[in-house]
Amino acid sequence: MSSSPAASEVSPIADAGPLSLCARAPHVPADRLVAEMVPPPRFDSVRFATYLPDPNQPSQTEAVRVLEGFAAGLGGAHAAGGGRRGFLGLGKARAAKAPAGPRGVYLDGGYGVGKTHLLASLWHATPAEPALKAFGTFVELTNLVGALGFQQTVATLSGHRLLCIDEFELDDPGDTVLVSSLLARLVEAGVALAATSNTLPGKLGEGRFAAVDFLREIQGLSAHFRTLRIDGEDYRHRGLPEAPAPYSDEQVTKAAYATPGASLDDFPHLLDHLAKVHPSRYGALTDGLTAVCLTDVRPVPDQSTALRLVVLADRLYDREVPVLASGLPFDRLFSEEMLNGGYRKKYFRAISRLTALARDAKGLASRA
């Protein structure tokens with residue numbers, strides 16, 4: 001390190017410097033990938049008791065009642081036999097007759113009616129140790145298969161009591177077939193299922209109900225699901241402030257240096273780095289961060305890069321990590337072609353979530 005007078009005048013905070021996502025290349029063991037399939041920090045404390053049904057929407061109260069009963073029914077032995085067979089499915093489970101009735105529930109509703117809250121509450125209420133139940137988004141599940149391989153994923157999850165899948169994505173036929181095949185194997189092994197989903201693009205009433213699409217896409221599994229329709233208004237559209245305008249490079253850099261545990265990266269360099277890290281590791285990429293600071297935000301150049309950014313946005317949102325940025329506002333990240341294409345649901349979700357995290361970062365800017 002230089003011993004020049006200029007270097008010696010750097011403050012201790014600035015000398016330490018912010019972290020960098022581009023300097024991280026986490027290697028996540030397979031057992032950690034499975035162990036981290038729990039409700040994200042944003043939903044750590046939710047329970048059925050903290051879900052406040054709209055008195056004008058009786059379907060919300062009914063959904064809580066049904067899900068509480070479903071959770072209570074999962075407290076016995078694994079449907080296919082005894083307890084957990086261990087990581088990678090080693091050991092042999094005793095054959096047993098599966099319980100009668102649907103072994104899955106599908107929560108069908110529009111945006112912002114609390115489907116994820118209810119799904120996480122189901123996970124928390126199921127009377128089984130955390131190692132016997134899993135919670136993840138559709139993307140996280142496909143990433144798990146990509147990291148472990150199909151057969152190993154089947155073996156790993158077959159001993160679980162419950163698998164919850166949030167945002168089952170109906171816009172990727174290949175991934176839908178993959179996950180449907182996985183779920184069929186897990187149902188055979190006695191695993192109970194719970195899911196929510198998005199809607200296919202171009203559908204009448206898009207953003208409202210998707211049960212018909214969901215049940216068709218999972219084909220032979222539809223008989224295993226009981227559909228719970230949840231009506232209601234999108235609570236997230238009530239009185240939200242407008243997204244803050246981007247800051248200057250100087251403001252973002254100063255805030256990063258003034259915020260312990262913050263990262264600071266050039267946005268184009270970060271997009272390049274994401275291509276070198278498997279999406280299943282994006283959660284580990286954000287470990288320990290208190291904030292993400294980005295300079296020179298600009299439009300995403302291609303669809304592969306855009307889909308990787310969607311996954312990162314989901315992981316940051318799950319972990320409630322504020323994002324402070326310079327350059328273009330987040331609603332200009334994706335091209336019109338992308339926003340009108342088959343993956344537009346993902347892109348609008350990423351914009352919404354990054355905008356929410358930008359609002360959360362307003363306090364950081366005051367430190368600059």
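Reader: In what order do the 5 strands of the open sheet come?
Author: This is a predicted model. In it the order is β2-β3-β4-β1-β5, and the pairing is parallel.

Reader: What holds strands together in a sheet, in general?
Author: Strands of a sheet pair through backbone hydrogen bonds, and the pairing can be parallel or antiparallel.

Reader: Back to this sheet. Which strands stand at the edges?
Author: Those are β2, residues 133-137, and β5, residues 225-230. Each has a single partner strand, so one side of each is left without a neighbour in the sheet. From one strand to the next, the twist averages 15°.

Reader: How many bridges join β2 to β3?
Author: There are 5 bridges between β2 and β3, and the two strands run parallel. Strand β3 covers residues 162-168. To find the pairing on screen, look for A134, which stands opposite L163 in β3.

Reader: Which strands does helix α5 lie across?
Author: Helix α5, residues 115-125, lies across β1, β2, β3, β4 and β5. Its direction is at about 170° to β3.

Reader: Let's pick one residue. Where is E167 found?
Author: E167 is in strand β3.

Reader: Is E167 buried or exposed?
Author: E167 is buried: the cut-off is under 20% relative accessible area, and E167 has 15%.

Reader: What does the side chain of E167 make a polar contact with?
Author: The partner is the side chain of R353, at 3.0 Å. Leaving out residues up to four places away in sequence, E167 touches T137, F138, T196, S197, R349 and R353.

Reader: R349 and R353, where do those two show up again?
Author: Both are in helix α15, among the residues that meet α13. On the α13 side, the residues include Q303, L307, V310 and Y317.

Reader: At what angle do α13 and α15 pack?
Author: Helix α13 (residues 303-318) and helix α15 (residues 344-360) pack at about 45°, with their axes 9 Å apart. That makes α13 oblique to α15.

Reader: And is the crossing of α13 and α15 left-handed or right-handed?
Author: The crossing of these two helices is left-handed.

Reader: New topic. What is the order of the open sheet of 3 strands?
Author: That sheet has the order β6-β7-β8, with parallel pairing. Strands β6 and β8 stand at the edges with a single partner strand each, so one side of each has no neighbour in the sheet. The twist there averages 15° from one strand to the next.

Reader: How many bridges join β6 to β7, and how many join β7 to β8?
Author: β6 and β7 are joined by 5 bridges, while β7 and β8 are joined by 4. Strand β7 covers residues 291-297.

Reader: What is the bridge partner of L264 in β7?
Author: The partner of L264 is C293. C293 also stands opposite L324 in β8.

Reader: Which helix lies across β6, β7 and β8?
Author: Helix α10, residues 249-258, lies across those strands, running at about 160° to β7.

Reader: What about α11, how many of its residues are buried?
Author: Helix α11, residues 267-274, has 6 of its 8 residues buried, and is mostly covered. The buried ones are F267, P268, L270, L271, H273 and L274. They pack against β6, α12, β7 and α13.

Reader: Last thing. What is the phi of D296?
Author: D296 has a positive phi of about 60°, although it is not a glycine. In general, most residues other than glycine have a negative phi. D296 lies in strand β7 and counts as partly exposed, at 25% relative accessibility.

Reader: And what about the phi of E320?
Author: E320 is not a glycine either, and its phi is positive, at about 55°. E320 sits in the loop between α13 and β8. Its relative accessible area is 43%, which makes E320 partly exposed.

Note on methods: Residues numbered from 1 in each chain as written. Predicted model: local features only at pLDDT ≥ 70, side-chain atom pairs only at ≥ 80, totals over all residues. Heavy atoms only, no water. Pairing = 2+ DSSP bridges. Axes fitted to C-alpha atoms, helices over the stretch in contact; angles between N-to-C directions. Contact = heavy atoms within 4.5 Å. Buried < 20%, exposed > 50% of the residue type's maximum accessible area, 1.4 Å probe, protein only. Polar contact = N/O pair within 3.5 Å; in protein donor to acceptor, adjacent residues only side chain to side chain. Parallel < 35°, antiparallel > 145°, perpendicular 65-115°, else oblique. Left-handed = near helix turned anticlockwise from the far one by under 90°.
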